[in-house]
Amino acid sequence: MKKASAVLLVLVLTVSALTGCKKRETQPAPSAGPAAAKAPTGKVEGKIGISVLTLTNPFFIDIVKAVEDEAKKNGFEAIVTSSEFDPAKQRDQVKDFIVKKVNAIILTPADSKAVGTAIKEANEAGIPVFTADIASLAEDAKVVSHIATDNYAGGRQAAKAMMEALGNKGKVAVLDFPVVESVILRTRGFEDELKESKSPIVIVGKWNGKGVKDEGFKVAQDILTAHKELDGIFAINDPSALGAYAALEKAGRAGKVVLIGFDGQLEGKKAILEGKIYADPIQFPDLIGRTTVQTIMKYLDGAKVEPQILIPPSLYHKADAEKDPALSAK
Amino acid sequence: MAGNRGRMGAAGRRFIADYGMIFVLLLLCVYYSVATLNVQYPTGSEAARQVVAECRERLPSGDAALIVAHHGQDASDFAREAEAGLKAAGVEVAGVVLGDPSALRLELERLGAAGRAPKAILATREAAEWRLIRNIGEILPASSGVSVFCPESHRWPDFLKRNNLLAVADRIVVIAIVAIGMTMVIITAGIDLSVGSLIAFSAVMATRLIRDAAGAANASAAGMVLCCLAAIVACGIVGVFSGLMVTLFSVPPFIATLAMMLVASGTAYTLAAGQSIYEVPASIDRLGRGTSLFGLPNTLILMAVLYVVAHVMMSRTALGRYVYATGGNREAARLSGVPVRRVILFVYAVCGALAGLGGVVQTSQLQSGAPTYGLMYELYVIAAVVVGGTSLSGGQGKILGTLIGAFIIAVIQNGMNLTGVESYTQNIILGLVILAAVLLDKLKQRGWRLRGGESG
C-alpha cells in the first residue's frame, strides 16, 4: 500500500503543478467606507468573463485579444474561455463566472437559443451580460448590449464591389450559409443593394457552401458545371471564397469569374493581394472587442448604453492590401 | 476483538482496492480549495443586517441613506431587509435603487437636484463593485462626500461555495448518467461510441415531438413527459440494434457503434434541419434546472437514484453477476448457462436508453434541442468509466467507481476554470490525467511492479 500511496501522491502533485501554474487572483478588497479613489495602475479593479464560440477561428482570437487589451487598460482582468461549439460547455463556463463573481460577462453564443438558460442564470446572479458578434435570440434572457458587425451594410458593400468589378452587368452566384443569422443578413444586403440600384446583374442562384473551404470547393464546382456563363461569385466568408477559388482554378476559369468574399481574415487579405479575390467587405473584430469592453465600462459607470451597437465593415481592395502592414510583414 | 479488527482491515483494503480513486478526488478537492481561497461576502438579508448595523454605528444621526442593490433575488432580499432595518433604527431612507448603474446614476442626479443628496449609500457587494460607486467622486463630483457601506468580507474557497459544488455536480450529470450504461457495456468487454450522437438524437427527437405533436410552447406536462419517454425508448431501440449487430453478426462493438454514431448524428441533423428547436414550454427546465428535496437540484437526485439502482443491480442480483461473467470469459459464461446474448442485448439497450435520458436532461437544462449537443461526450463518458477503474478488457469494474471517475473529471474542469487555466491547456491536462489513471490501474493489476509479473 505504501507504493500505492506514493503513486497517487505523484499523480496528484503532477496534476497540481500543471493546473496551478496560473496566476492567483489579486482581489481588491475595498473597505466599507468612503469609496476609494481610482485604483492605481497594476491593481485589478474587476474581472470580465468571456466565452467565445471557438478559438480555432482567427476572428474570435482577434476579439479576445482586443478584449484582454482593452480590459487591462481599464484595470480589469479578462478571463477567457471558449465553448468550442458546445452550448452545454458554455453554460458551465458561465456558471463558473458566476462563482468567481465577475463584474460582467461577454458571450458569443454557441447556440443563439440554447444560450438563454445561461444568460438567465447570470441575470439572477445580478451579473450584466453582453453579446459580441453573435446575438442571443432567447426570450426573457436579458442582454445589456449586443455589439457586432453591420452585416447587412457589408452585404450592400459586397454588391457595390460586384457592380464595379463587372461593369454592372452579367450573372452571379451566391455561396450562402443560410443557417447563421449574420450570414442571412449579408446575403439580404447583397440582394437588396442590387435590387435598389436597379442593377441588370442577375443572381442565378444561391447555394449552401456551409462557410467552409472544402464544402465551398465542392459546391462551387457544381455551380461552374451548371453555369458556363457565370461572371461572378459572392461568397459569404473567406474560407468559402477560397474554396470557390480552388474550383475556379480547377475549371481553368480563374480570373474570368470575379470573386467577392467577406471577413478580411489574413488568408483572405493575402488572396486579395494576389488578385484571387477581387474585394472583401472586411470586419473589425478588434474593434468589436474594444467597443464591447468600452460599453461595459460605460454601463458600470452608470451611463445609458444602446441595446445594439453595429460596427460598419469597409471594402478592402487590392490597393488596400498593398499598403496593409499586416501583409507586408512577411 | 482481534478477529473483528482483522475483518475491518480486510474490508478497508477491499474498499481501497475498488475505490482507490476516491483519494485522487479528495486530494483534487483539497488542492482546489486551497487554490481558490478568495474573498467572500454575505448576501441577501444577512448582508443587509450587517450593513445596517455598521451604518447605525458610523453614520451621524439625521443623515439620509440610499439603498442600492443589483438585479436578482438575493439583491431584492437585501433591499427589503435594509429598508426595514434603517427605518427601525430611525435612519431616513432617501430611496431604494434596484437595478443597474444607470438607474443609480439617474436617482443620484435626481436627489442631488432636489437638494436631498444622501450622505450614505448602503450597497450589496455586487453593486459596490460598480465603477460608478467605486469612483463616485470622479464620476459625480456632487456626491463625492458620500459614505459607502457594503458587506464585510471573509476568506473562503470559491471551490467550496454551495453554488459551485452544485455547479460541479450539474456539469457532470449528463456524462455521469450515460456512464452508468457505458460501465455495463465495458464490463462485458464491449464499447459504445454512439452515446454522444444519441444525446443529440434524443434532444432533437424530444423537442421535435413536443413542437409538432404536443402543442409546441403550450404543451402540457404529460405531453412533454410522453415525448421525452418516446425519445428515450427510441435511443434504447438503437442500443438494441447495436447489440443485435454484436451478438447475431459478431460485428466488433467498436465498428457497430461507430456506425450507429454516424446514423444517429445524421438523423439528428435531418430531424432538426440543422437548427436548434426551441418551440417548447419554458417549464421544460423543471428536470434540468428545478430543485426539490432540501433545495437539491432534480438532476442530482435523478443521478443519485440511478446510481443506487445500478449499484444494487450489479452487485446484488444474478443479472449483475451475468454481466461480469460475460465480460470475464464469454465462453465459460455461456457454458455455465449464462444467457450471454441476452445479457449483451440488455447492456446495449440500457446504455442507449440512458444516453437518451442524458439528451432529455440536456434539453431540459438548455430549454432547447440541437443536433450539436453531445459533441465528443462518448469520449468523456469512456474516460469517466476508465478513470473510475473499469478495465477495458472486461469482467472488472464498479458502478460507483464510475461516479468517482465522473466527479474527478468535473472537479478538474471546474477547478481549471476557477484558477484560470486556458481552454487548450485544459484538454492537455485532462488527457494526461486520464492516462495517469489508466497507468495506475495497470500498475495495481501488476502488484505495483514496473515490469512483467502476473501475480497481483
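User: How do you know that the axes of helix α11 and helix α17 of chain B come close, and at what angle do they cross?

Analyst: The axes of α11 (residues 221–248) and α17 (residues 340–366) of chain B come within 7 Å and cross at roughly 150°. Axes here are lines fitted to C-alpha atoms, for helices over the stretch in contact, with angles running from 0 to 180 degrees between N-to-C directions. Helices are DSSP runs of H or I with at least four residues, and strands are runs of E with at least two, numbered from the N terminus. The model is predicted: local features need pLDDT of at least 70, side-chain atom pairs count only at pLDDT 80 or more, and totals for chains, interfaces and linings use all residues. Residues are numbered from 1 along each chain as its sequence is written, chains are lettered from A and ligands numbered from 1 in the order written, and side-chain values use heavy atoms, without hydrogens and water.

User: What makes B:Gly239 and B:Gly352 part of the meeting of α11(B) and α17(B)?

Analyst: Contact means heavy atoms within 4.5 Å. By that rule, residues of α11(B), including B:Gly236, B:Gly239 and B:Gly243, meet residues of α17(B), among them B:Ala349, B:Gly352 and B:Gly356. The residues of this contact divide into 14 nonpolar, seven polar and one charged, where Ala, Val, Leu, Ile, Met, Phe, Trp, Tyr, Cys and Pro count as nonpolar, Asp, Glu, Lys and Arg as charged, and the others, Gly among them, as polar.

User: Why is the pair of B:Asp170 and A:Arg91 called a salt bridge?

Analyst: The term requires a side-chain nitrogen of Lys or Arg within 4 Å of a carboxyl oxygen of Asp or Glu. The N to O distance between A:Arg91 and B:Asp170 is 3.2 Å, so the pair qualifies. The count between chain A and chain B is six salt bridges.

User: What does the salt bridge of A:Arg290 with A:Asp69 tie together?

Analyst: The closest N and O atoms of A:Arg290 and A:Asp69 are 3.1 Å apart. A:Arg290 lies in α10 of chain A and A:Asp69 in α2 (residues 58–73) of chain A, so the pair ties together parts 221 residues apart in sequence.

User: How much area is buried between chain A and chain B?

Analyst: About 6,500 Å² is buried, 54% of it from carbon and sulfur atoms. Buried area is the accessible area (1.4 Å probe) that two parts lose on being put together, summed over both. The contact takes 68 residues from chain A and 79 from chain B.
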